[in-house]
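Please look through the sequence and the model shown here before reading on. The paragraphs that follow lead from single residues to the contact between the chains.

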Number of protein chains: 2
Amino acid sequence: MTPIEEKFHGLGVDNAPGQEIRKDQDSAAALAIGAMVEGPAVDFSHGDVDEDAFAPTPGALDAFIEGYQRGGTQAYTEYRGNAEIRAMVAGRLGTFTGCPVAPENELIITPGTQSALFLAVMSLVTAGDRVAIVQPDYFANRKLVAFAGAEAVPITMDHLTTTEGAGLDLTALEAAFRSGVKTFLFSNPNNPAGVVYAPAEIAAVVRLANTHGVTVIVDQLYSRLLYAGQTYTHLRASGIDPGQVVTIMGPSKTESLSGFRLGVAFGAPHLIARMEKLQAIVSLRAPGYCQAVLRTWFAEGEGWMAHRIAQHQAIRDDLLDVFHAMEGARVRAPQAGSYLFPRLPPLTVPASAFVRLLRAQAGVTVTPGTEFSPCAADSIRLNFSQNQERARLGAARIALLVERYRRA
Amino acid sequence: MTPIEEKFHGLGVDNAPGQEIRKDQDSAAALAIGAMVEGPAVDFSHGDVDEDAFAPTPGALDAFIEGYQRGGTQAYTEYRGNAEIRAMVAGRLGTFTGCPVAPENELIITPGTQSALFLAVMSLVTAGDRVAIVQPDYFANRKLVAFAGAEAVPITMDHLTTTEGAGLDLTALEAAFRSGVKTFLFSNPNNPAGVVYAPAEIAAVVRLANTHGVTVIVDQLYSRLLYAGQTYTHLRASGIDPGQVVTIMGPSKTESLSGFRLGVAFGAPHLIARMEKLQAIVSLRAPGYCQAVLRTWFAEGEGWMAHRIAQHQAIRDDLLDVFHAMEGARVRAPQAGSYLFPRLPPLTVPASAFVRLLRAQAGVTVTPGTEFSPCAADSIRLNFSQNQERARLGAARIALLVERYRRA
């Protein structure tokens with residue numbers, strides 16, 4: 001393999017959420033037992049933004065149209081985003097996270113949160129570096145590290161046996177920092193498990209980062225969708241050196257605005273400056289007219305977010321009932337976000353085949369656990385931001401197929 | 001400097017089009033002679049998409065709204081773009097370029113043409129490679145090569161003394177290919193000069209690429225805006241090995257759809273596959289709802305493009321009059337696109353200061369020639385996709401300031 005072939009060899013997309021259309025169903029057919037299980041198709045690989053599920057925030061389309069009508073000033077913004085919108089969003093994010101954000105040099109608007117992650121990693125990490133990532137965590141994290149030519153140092157998160165916090169292995173994290181890791185990348189709440197880092201865990205991350213001069217990229221994409229009784233700790237407001245942290249958020253998930261491709265990164269000015277330089281050659285800017293939709297962000301109106309959280313919590317609880325009733329399965333209740341990451345009982349077919357059978361025989365799409373950790377082959381991720389009734393029916397069909405393929 | 005600091009050191013954005021808001025005007029003030037020259041502000045750094053200049057193609061906003069209303073299937077497309085829209089666009093691009101495009105594996109939709117360029121370069125070039133680029137050419141080309149850790153091998157284009165074709169130094173190109181260059185990146189029509197490569201030049205590029213196994217990335221962003229009597233030769237339909245070419249286009253310029261951030265790359269399937277893998281970690285996909293706007297592309301209706309070309313040609317001719325009348329200036333008439341790249345006569349102030357003075361004293365924004373070639377400090381680029389009257393007034397003010405600062 002040439003160096004460039006090698007670089008792309010590990011960058012798979014066929015198992016990624018949204019790509020299931022590509023899957024070769026034939027390979028699963030040979031293993032299939034029993035008949036089709038009828039019911040409406042459910043795609044748990046991403047949130048459902050249709051009208052009968054979780055539609056985009058009210059006013060989003062109107063804000064886009066107003067942006068379009070504003071013409072050239074909205075189409076051609078600074079690479080880091082329209083200054084007025086940056087000021088508006090920075091103010092709201094400062095309030096939300098508990099620590100001010102300077103709109104002129106501490107924030108960049110990006111085409112989606114994925115872009116913010118890409119730019120942040122590429123602005124910090126270069127070939128030969130070592131980067132701490134959590135296992136399990138968002139599937140793109142290790143791919144980003146690999147693409148930068150760096151080495152990922154996995155830190156285990158034992159969310160299933162932990163009851164307080166995410167269960168991050170802080171001893172391993174400290175050892176990694178001591179051994180020369182200079183960047184730490186993680187999501188909070190965790191994607192795929194939906195667990196939230198405890199105040200003590202965030203305090204430990206801050207202490208270790210400050211002591212060892214490690215820069216932390218924290219992906220807080222789901223931090224607004226916090227369930228009743230949960231506490232969320234914002235890393236950037238917890239005493240970390242402001243030059244050592246970049247926070248990533250966006251309105252793609254809770255707010256169902258993924259179709260507009262909007263994200264933000266905010267934090268250390270020297271990193272935001274690098275991210276803008278890179279954005280200039282990667283995509284120029286977040287889509288100009290779409291940027292105008294950020295005017296609706298954190299301004300959804302009285303009660304909107306509380307209602308949306310309550311709706312998700314009800315679906316979460318329905319699905320937890322299904323997996324709690326499944327003998328041999330293990331699952332922890334998500335504290336935030338819309339992901340559920342159950343570990344299934346032992347099956348007679350390989351986990352990868354089970355995911356394909358689920359789709360072929362039951363019309364249910366989930367994301368295989370191996371996307372999030374090489375050690376999570378027995379888990380599946382469900383994005384339960386779905387129509388409640390369909391989510392219930394889909395989960396019931398998963399349970400049915402687990403029984404069908406259960407190892408005796 | 002650390003390796004990452006070094007990587008970003010050369011990636012400037014302050015002189016890039018659209019970033020003029022950042023410029024420090026104070027440094028120019030010290031050199032200023034004479035009074036302000038009054039007149040409407042003209043920003044020649046990018047096209048004007050306002051209603052009284054070149055508004056987006058008819059139906060674009062409606063197509064977006066229809067996409068939004070389609071919901072989840074439009075918000076969450078495959079990473080390479082919605083299959084139905086890819087099929088539609090591939091058919092039209094096959095007809096336009098004179099060689100079929102397979103929608104299933106030869107085309108990817110990207111968030112803007114800049115993204116298509118980034119993905120194409122990063123899918124071909126790795127650290128230590130050598131890449132041939134043209135001088136002058138689009139300012140991001142050399143930055144992309146540098147970011148990949150590769151070395152740019154500049155090939156001169158002598159457009160001012162050539163009358164047939166772009167004036168590419170084919171001897172230098174052959175020498176570069178012989179010396180191990182494996183990638184060639186260029187724009188046709190050339191940005192900034194607006195010149196079109198002659199059939200014989202394209203034939204030579206094809207012959208050299210095929211002989212030496214060089215892959216060519218050709219940025220044809222402005223190839224639809226072809227002036228009366230001009231001939232355009234599509235590289236991909238000229239006998240190049242189909243595995244060695246990627247063509248880049250998009251509706252951002254002629255069609256004024258930049259605010260939607262849409263581009264496409266089409267060509268060698270193994271490279272399109274790599275680009276999709278990379279897009280999955282760079283930005284996931286082109287904005288879902290925006291993708292729907294591509295339905296209007298190459299379907300603008302009878303006469304629309306002919307009218308748009310005629311309007312641009314009239315402005316081009318107005319501006320050529322101004323620079324032809326300017327003693328000591330040199331300019332070649334653009335054959336396609338909306339860029340004019342005049343070389344100015346010797347001035348009493350440095351070229352970089354003159355660009356700042358133009359903005360400060362005359363309200364006219366242009367892009368300095370050094371963005372396109374280190375040897376083009378005496379040139380400025382004007383995007384004349386503007387309101388005709390304002391473009392005329394702006395060009396007259398440039399002429400006035402050239403006289404004010406002319407070296408005796």
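Helices (H or I, at least four residues) and strands (E, at least two) are DSSP runs, numbered from the N terminus. This is a predicted model, in which local features need pLDDT of at least 70 and side-chain atom pairs count only at pLDDT 80 or more, while totals for chains, interfaces and linings use all residues. Residues are numbered from 1 along each chain as its sequence is written, and chains are lettered from A and ligands numbered from 1 in the order in which they are written.

A first stop is B:Asp321, which has its place in helix H12 (residues 304–324) of chain B. A residue is called buried if 20 or more other C-beta atoms lie within 10 Å of its own, exposed if 12 or fewer, and partly exposed in between, with C-beta atoms placed from the backbone. B:Asp321 counts as exposed because it has 12 C-beta neighbours inside 10 Å. Although B:Asp321 and B:Ala395 are 74 residues apart in sequence, their C-alpha atoms are 9.7 Å apart in space.

B:Ala193, in the loop between strand E5 (183–187) and helix H9 (199–212) of chain B, counts as buried because it has 29 C-beta neighbours inside 10 Å. Contact here requires that the C-beta atoms of two residues, placed from the backbone, lie within 7 Å. Leaving aside neighbours within four places in sequence, B:Ala193 is in contact with B:Pro136, B:His159, B:Arg332, B:Tyr339 and B:Phe341.

B:Tyr339 leads on to a set of strands, where two strands pair if DSSP finds at least two bridges between them. Strand E9 (residues 339–340) of chain B is joined by 2 bridges to E12(B), and the two run antiparallel; B:Tyr339 has B:Asn383 as its bridge partner in E12(B). Strand E11 (residues 367–368) of chain B is also antiparallel to E12(B), again with 2 bridges, and here B:Thr367 is partnered by B:Arg381. Within strand E12 (residues 380–383), B:Ile380 and B:Leu382 point one way and B:Arg381 and B:Asn383 the other way, yet all are buried.

Turning to the meeting of the chains, 54 residues from chain A and 54 residues from chain B take part in the contact. On the side of chain A that touches chain B, H10(A) gives the most, with 7 residues. That side has 30 nonpolar, 14 polar and 10 charged residues, where Ala, Val, Leu, Ile, Met, Phe, Trp, Tyr, Cys and Pro count as nonpolar, Asp, Glu, Lys and Arg as charged, and the others, Gly among them, as polar.

H10(A) itself has 14 residues and reaches 19 Å from its first C-alpha to its last, close to the 20 Å expected at 1.5 Å a residue, the expected span being 1.5 Å times one less than the number of residues. The helix H10(A) is mostly covered, with 11 of its 14 residues buried, among them A:Leu271, A:Arg274 and A:Glu276. After H10(A) comes A:Leu284, whose phi is positive, near 65°.

Leaving aside neighbours within four places in sequence, A:Val121 is in contact with A:Leu144, A:Val145, A:Ala148, A:Leu185 and A:Ile217.
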